[in-house]
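Hello,

Here is the structure you will be working with. Please look through it first, and then read the notes below it.

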Amino acid sequence: MPFLISPVLTPGALARTPQPVLPTGDGLLLRPWRAEDASAVHAAFQDPALNQWHLRTCDSEEEAAGWIARWQTGWEGEREAQWAVADEAGGELVGRVALRQMLLGDGVAEVAYWTVARARGRGVAVRATITLSRWALEEIGFHRLELFHATANEASCRVAVKAGFATEGTKRSALLHPDGWHDMHFHARVNGD
């Protein structure tokens, strides 16, 4: 049975070109992950504040290297697109921003981010999320970007709102964290916002 509408994005919309480097214009770069980032990823996940809001830990540099390898193949398979967020001047890793659970035909993806402890309070997540969102919506042609965070994670909520993601509601008892079930705020930004 044929569809009545064409896909928003067709297969190959991302994979037909190399994953781009996206400058924020204010001192940060979103760049593809490199194998040599493994030690920095492992170090980032030793931070209790970061672990509070993530469902996984990173027990070794080897494990981090495995994550990076999967992140790299996510672009090629058009399942996800993960970027390291680095200081433009020195290249130091300050965070991560990603499009996850991409549905190209529907033009929808989920945005995720984290920052290393020493980079918090500098607007890193906001700047990276704005840059990624503009690229995804305006250059690639996604129609809708969604963002979820635990309602108790007030810092993540501030990032979402500052990055232009409207709050659409709360999913009750939606995600199990190590400390129990969390309600999740649901935000979105659509092409044209």
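Which residues in α4 are buried? They are V124, A125, V126, A128, T129, I130, T131, L132, S133, W135, A136 and L137. Please keep in mind that this is a predicted model.

That list makes α4 a mostly covered helix, with 12 of its 17 residues buried. At 1.5 Å a residue, the 17 residues of α4 should span 24 Å, and the C-alpha atoms at its ends are 23 Å apart, so the two values agree. Just after α4 comes G141, which takes a positive phi of about 105°.

Most residues other than glycine have a negative phi. Q101, though not a glycine, has a positive phi of about 45°. Q101 lies in strand β4, and its relative accessibility of 58% is over the 50% cut-off, so Q101 counts as exposed. S173 is likewise a residue other than glycine, with a positive phi near 45°. S173 belongs to strand β7. Its relative accessibility is 42%, so S173 counts as partly exposed.

Next, the largest pocket. Its volume is about 1,300 Å³. The lining is made up of 47 residues, and those closest to the centre of the pocket are W53, H54, Y113, N153 and S156. By type, the lining residues divide into 24 nonpolar, 11 polar and 12 charged. Several helices and strands each supply at least two residues of this lining, among them α4, β4, β6 and β7.

Strand β6 also holds H149. Is H149 buried or exposed? Its relative accessibility is 3%, so H149 counts as buried. The side chains of H149 and H187 are joined by a polar contact of 2.9 Å. Beyond its neighbours within four places in sequence, H149 is in contact with S156, C157, D183, M184, H185 and H187.

Last, a residue in a loop. E36 sits between β2 (28–32) and α1 (38–44). With 59% relative accessibility, E36 counts as exposed. How far apart in space are E36 and E61, C-alpha to C-alpha? The distance is 9.8 Å, while in sequence E36 and E61 are 25 residues apart.

Regards

Definitions and conventions:
Residues numbered from 1 in each chain as written. Predicted model: local features only at pLDDT ≥ 70, side-chain atom pairs only at ≥ 80, totals over all residues. Heavy atoms only, no water. 1 Å grid on protein atoms, 1.4 Å probe; cavity = no way out; pocket = protein on both sides within 12 Å on 5 of 7 lines; lining within 4 Å. Points joined across faces, edges and corners; volume = space filled by probe spheres on them. Helix = DSSP H or I, 4+ residues; strand = E, 2+ residues; numbered from the N terminus. Nonpolar A, V, L, I, M, F, W, Y, C, P; charged D, E, K, R; others polar. Buried < 20%, exposed > 50% of the residue type's maximum accessible area, 1.4 Å probe, protein only. Polar contact = N/O pair within 3.5 Å; in protein donor to acceptor, adjacent residues only side chain to side chain. Contact = heavy atoms within 4.5 Å. Expected span 1.5 Å × (residues − 1).
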